[in-house]
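Please keep the sequence and the model at hand while reading.

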Amino acid sequence: ATGGIRGAAVPGTNIAYVHGGYTGSDADDVARSELYRVDLGSAERNFTKLTNQGDGAPRYLHAFAYDSKGEQLVVFGGFGGRKAFAPLLGDTWLVKPIGDTAHWTKVETPKGKAPSPRYGAFHAFDEPSRRFVVWSGAQKPKSAEDPINAAQDAWALDLTVDPPVWTKLAPAGEAPPGRRNGCMMHDPVGRRLFVFGGTADGRTTLEGLWVLSLEPGHES
């Protein structure tokens with residue numbers, strides 16, 4: 001069994017990709033690096049394991065989406081392991097599937113010019129602007145009293161430029177409390193990210209349904 005795995009559909013097709021996750025006991029989980037392509041149009045729902053070329057870093061509870069124009073996947077953050085909550089990742093990768101091979105390229109970003117390392121973030125890919133948007137998620141614990149240290153920010157990775165650039169967003173309106181590991185759904189027509197549930201303390205679920213508008217210049 002695998003937990004913390006992430007999936008990304010290819011818009012307009014029956015193809016999706018699943019990546020990462022962990023296996024093992026809660027005390028000693030092992031992060032995975034496998035990337036699979038699944039054909040949801042076939043009766044067998046065939047899975048094909050891709051060969052990672054490049055890093056293919058093991059991780060789980062990361063942000064993961066598909067960029068149709070670039071014909072590539074975007075990967076950010078997550079956990080690379082579980083012991084002592086480390087390593088907590090803040091790296092960004094572009095993954096281009098060609099045939100049955102996944103070509104990994106790291107996006108180099110200056111310190112302070114990208115989201116902090118985090119896991120369990122809410123995310124979506126806005127196709128019209130080619131922006132990969134990430135909101136909140138858990139950071140390195142501040143203390144035993146604050147094991148989640150939830151981020152209270154939103155970032156967008158602009159894939160229209162080479163190399164891609166992260167920009168911190170300033171959405172209008174009052175943002176909900178930061179959290180990790182809730183439910184999320186992307187509305188590609190309305191260009192919105194729905195946020196439900198999640199936890200800020202690791203013990204209780206936050207209430208309410210929230211919507212983040214993804215349209216550039218009109219984030220709210």
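Predicted model: local features only at pLDDT ≥ 70, side-chain atom pairs only at ≥ 80, totals over all residues.

**Aromatic pairs**

Searching the whole structure gives nine aromatic pairs. One of them joins Tyr17 and Tyr66: the ring centres are 6.1 Å apart and the planes meet at 10 degrees, so this pair is stacked, the limit for stacking being under 30 degrees. Tyr17 belongs to strand 2 (residues 15-19) and Tyr66 to strand 8 (residues 63-67), so the contact ties together parts that are 49 residues apart in sequence. Tyr17 is buried, with a relative accessibility of 7%. Tyr66 is buried as well, at 10%.

A further pair, Tyr36 with Phe47, is edge-to-face, with 6.4 Å from centre to centre and 75 degrees between the planes. Tyr36 sits in strand 5 (residues 35-39) and Phe47 in strand 6 (residues 47-49), so here the parts tied together are eleven residues apart in sequence. Tyr36 is partly exposed at 28% relative accessible area, whereas Phe47 is exposed at 54%.

| Residue | Relative accessible area | Class |
|---|---|---|
| Tyr17 | 7% | buried |
| Tyr66 | 10% | buried |
| Tyr36 | 28% | partly exposed |
| Phe47 | 54% | exposed |

There is also an aromatic cluster, made up of Tyr22, Tyr60, Phe79 and Tyr119.

Three strands form an open sheet in the order 16-17-18, and their pairing is antiparallel. Strand 16 (183-187) and strand 18 (209-213) are the edge strands, each pairing on one side only. Averaged over the sheet and with direction ignored, neighbouring strands are turned by 20 degrees against each other. In general, the strands of a sheet pair through backbone hydrogen bonds, in either a parallel or an antiparallel arrangement.

Five bridges connect strand 17 (residues 192-196) with strand 18 in the antiparallel sense. Within this pairing, Arg192 is placed opposite Ser213 of strand 18.

Gly190 lies in the loop between strand 16 and strand 17. With a relative accessibility of 38%, Gly190 is partly exposed, because that value falls between the 20% limit for buried and the 50% limit for exposed. Gly190 and Ser213 are 23 residues apart along the chain, and their C-alpha atoms are separated by 8.2 Å.

Technical notes
Residues numbered from 1 in each chain as written. Heavy atoms only, no water. Phe/Tyr/Trp six-rings, centres within 6.5 Å; stacked < 30°, edge-to-face > 60°. Helix = DSSP H or I, 4+ residues; strand = E, 2+ residues; numbered from the N terminus. Buried < 20%, exposed > 50% of the residue type's maximum accessible area, 1.4 Å probe, protein only. Pairing = 2+ DSSP bridges. Axes fitted to C-alpha atoms, helices over the stretch in contact; angles between N-to-C directions.
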